[in-house]
Amino acid sequence: MAKHQFQTEVGQLLHLMTHSLYSNKEIFIRELVSNASDAIDKLNYLKLTDEKIKAALPEDWAGQITVKIDEEDKSITIVDNGIGMNEEDLIASIGTIAKSGTKSFVENLTGDAKKDSNLIGQFGVGFYSVFMVAEKVDVISKKAGEEQAYKWSSTGTGEFDLSPCTKESSGTVIYIKLKDEEVEDYTSKYRVETVIKKYSNHIAYPINLAYTEEVTEELSEEDKKAGKEAKKTKENRNEKINEATALWMQPKSKIKQDEYNDFYKSISHDSQDPMLTIHTKAEGVNEYTTLFYIPSIAPMDMYRADYQPGVKLYVKRVFITDDEKELLPTYLRFVRGIIDSEDLPLNVSREILQENRVMANIKQSSVKKILGEIKKLSKDEEKYAPFIEQYNRPLKEGAYQDFTNKEAILELLRFKSTKTENAKMTSLSAYKEAADSEQKAIYYIVGENEKVLRNSPLLESYKKNDIEVLILDDKEIDEIVTPMYGAYKEWEFKDITSCEAPKVEQTEEEKKEVEEKYKDVTEKIKEVLGEAVKEVRVTNRLSESPSCVVKDAEDAQMAQMMQMMRAMGQEMPASAPVLEINPDHEIVSKLKDLKDDGLVADVSWVLLDQAKLSEGMEITDTVAFAQRLSRITAKAL
Ligand SMILES: Nc1ncnc2c1ncn2[C@@H]1O[C@H](COP(=O)(O)OP(=O)(O)OP(=O)(O)O)[C@@H](O)[C@H]1O
């Protein structure tokens, strides 16, 4: 027998399973049954595509799962006749190598038992949940097409044993010796049956519950009179307890929302009901069925590069894959569900799948359908708000990734704006409708902090002219995607930090005149600030503030590139901003006639630094800033 150490994170996880997670323990049955079903799915597929495997299986092989309870033995056993695992599989899947999910699972634990047990499925650490109830677990498994079977045993502490053993047919037996305090629950026929029905009713294979029942002998009237005692014997029973049908193939009219919800929970490991259920049967050129769900809470791994795709592909009820990220576009990676095609070949490989016309059609129609249903939801802003809270961000990705559906996706987005308050948001169509007839663009400002953005001096001229500006405070994504949207119904998106001020009631000549008048001042300031600014110029975009910083158009494009480079981990120097000064402001007009060079220098720096601060930018030298302010104040007193 060989002893193996669990990998560190697996060890940590097991410790948590056994010591901290105590609510909702029953989900271990769901996890193991779901693994059994996946294993049968895999063998089912091989049977249809691999001649050798087909030959090795009995002719009448059909997938099935058995859950056996034994009160005397204090055990529950889960048996499947699926693909099984060989020695390497056992080590890799349930042993030394923790999947990427395990580590982040441990990091994400909150200490709240209920929330934490919901995380179990999401991170794909399902098997280990068995240690919430087990004193010891034996996994006896034989891989289809191989001769040798193996036994894996562990008590859920630092190590596990692995040794060869014998097993007749392929598949897996998970024998769980229950902790004393769990015996009553998990050897109760009623309890186990309820749990299976609750989570696994629509697993496509029969789940049998094997149990023993105490039967009391029927006595004849004579025996009764003679006072004979009825004998009690134990009889073995084996009953199928689930529906064992693919829910999605049933007509919509026959399915209750509860059944949809239960099925969702069984495929997603989520414990909450979904926000949206979308069941479609397509007939015609391509025949297929899709059943999609939008989770109430976005999947935990939505922003991880190694996220688990949530859509499973079936061909004529045969499971093909759940590891294909291309079934839906990446921005819809939060969608859970299944696609079942009647037309795809069973032996579709990943390469074929990506180029397959049938698949492309299904994908395209599915996207339209999903977006259409989201649109329906969006008609009721109150119901739509929770959706936006969870999924506005991936949809923003979609608006620039999915050219075909750009307009539809843009309509679904919601934005904070200078004319919305509290948690209220606006849509682009509402924005357009509310604008006056002269406006021809959608104005926005991007940054990290909503409060700073709302107080930006750059908004002054927009407020004065009653023009709404979108407040985009999800900088990480907004800065990259918004300039890529191009236009919405011919209205271009314009970043107010780099575009011309709106509605300028000033002729070119008047503008030139002011520039000329303040040439000395702008030159003076530029001389003081040197490389800290790209340019100093007078502006007509301010009414109350003395100055602001902006990007020129060229820099705006560069900024986007730089942001992308930074996102990829490249160090990028920040480019110097353009300083704009308000000629109508007292500070600026006084500066014009100021002869005290020291004071000119101090005021120039303060004009720059306070403009940067108002935009939420960092200033290079806070100490110098404070000293300058003191000097200016002293002179003013
Ligand atoms: N009954 C089984 N038959 C064959 N392989 C199994 C079985 N149970 C588990 N495995 C293997 O062990 C791996 C780990 O299982 P585990 O339940 O921890 O995570 P998962 O099933 O991959 O993820 P999730 O729980 O999110 O579905 C599985 O991916 C599978 O390869």
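## A tour by strand, helix and loop

Across from Lys-68 stands Ala-210, a residue of strand S8.

The model is a predicted one: local features need pLDDT of at least 70, side-chain atom pairs count only at pLDDT 80 or more, and totals for chains, interfaces and linings use all residues. Numbering starts from 1 along each chain, as its sequence is written.

**Overall picture**

The protein has 24 helices and 22 strands. These elements are DSSP runs, numbered from the N terminus: helices are H or I with at least four residues, strands are E with at least two. The mean pLDDT is 88, and 92% of the residues reach 70 or more. pLDDT is the predictor's confidence in each residue, from 0 to 100. The scores for the model are ipTM 0.97 and pTM 0.74.

How does the radius of gyration of the protein stand against that of a compact globule? The protein has 33 Å, while a compact globule of 637 residues would have a value near 26 Å. This radius is taken over C-alpha atoms, and the globule rule is 2.2 Å times the number of residues to the power 0.38. Along the principal axes, the C-alpha atoms fill a box of roughly 125 × 55 × 55 Å.

Of the 637 residues, 36% are buried. A residue is buried if 20 or more other C-beta atoms lie within 10 Å of its own, exposed if 12 or fewer, and partly exposed in between; the C-beta atoms are placed from the backbone. Among contacts with a separation of 6 or more, 73% join residues 24 or more positions apart. Two residues are in contact if their C-beta atoms, placed from the backbone, lie within 7 Å.

**Strands that pair**

Strands pair if DSSP finds at least two bridges between them.

| Strands | Direction | Bridges |
|---|---|---|
| S2 (residues 65-70) and S8 (residues 207-216) | parallel | 4 bridges |
| S8 and S9 (residues 232-240) | antiparallel | 9 bridges |
| S10 (residues 276-282) and S11 (residues 288-294) | antiparallel | 7 bridges |
| S15 and S17 (residues 469-472) | antiparallel | 2 bridges |

Glu-214 has Lys-234 in S9 as its bridge partner. Ile-278 is bridged to Phe-292 in S11. S10 and S11 form a hairpin with 5 residues between the strands, where Gly-284 takes a positive phi near 125°.

S15 belongs to an open sheet of 5 strands with mixed pairing, in the order S15-S17-S16-S19-S18. Strands S15 (416-417) and S18 (487-488) have a single partner strand each, so one side of each lacks a neighbour in the sheet. Ser-417 faces Leu-470 in S17.

Lys-489 lies in the loop between S18 and strand S19 (491-495). Glu-490 is found in that loop too. Neither is a glycine, yet phi is positive: about 45° at Lys-489 and about 70° at Glu-490. Are these residues buried or exposed? Lys-489 counts as exposed because it has 11 C-beta neighbours inside 10 Å. Glu-490 has 9 such neighbours, so this residue counts as exposed as well.

Helix H2 (residues 27-49) has 23 residues, which should span 33 Å at 1.5 Å a residue; the end C-alpha atoms are 33 Å apart, so the two agree. The expected span is 1.5 Å times one less than the number of residues. H2 is mostly covered, with 17 of its 23 residues buried.

Helix H13 (residues 381-401) tells another story. Its 21 residues would reach 30 Å in a straight helix, but the end C-alpha atoms are only 25 Å apart. Where does H13 bend? The bend is at Tyr-391, by about 65°, and Pro-394 follows within four residues. Such a bend is the angle between axes fitted to the seven residues ending there and the seven starting there. Tyr-391 and Pro-394 are among the buried residues of H13, as are Arg-393 and Lys-396. The cover over these buried residues includes helix H14 (406-412) and helix H18 (475-481).

**A buried leucine**

Leu-579 sits in strand S22 (residues 578-581). Leu-579 counts as buried because it has 25 C-beta neighbours inside 10 Å. Leaving out residues up to four places away in sequence, its contacts include Ile-525, Val-549, Leu-607 and Ala-611. Thr-539 is 40 residues from Leu-579 in sequence, with 9.3 Å between their C-alpha atoms.
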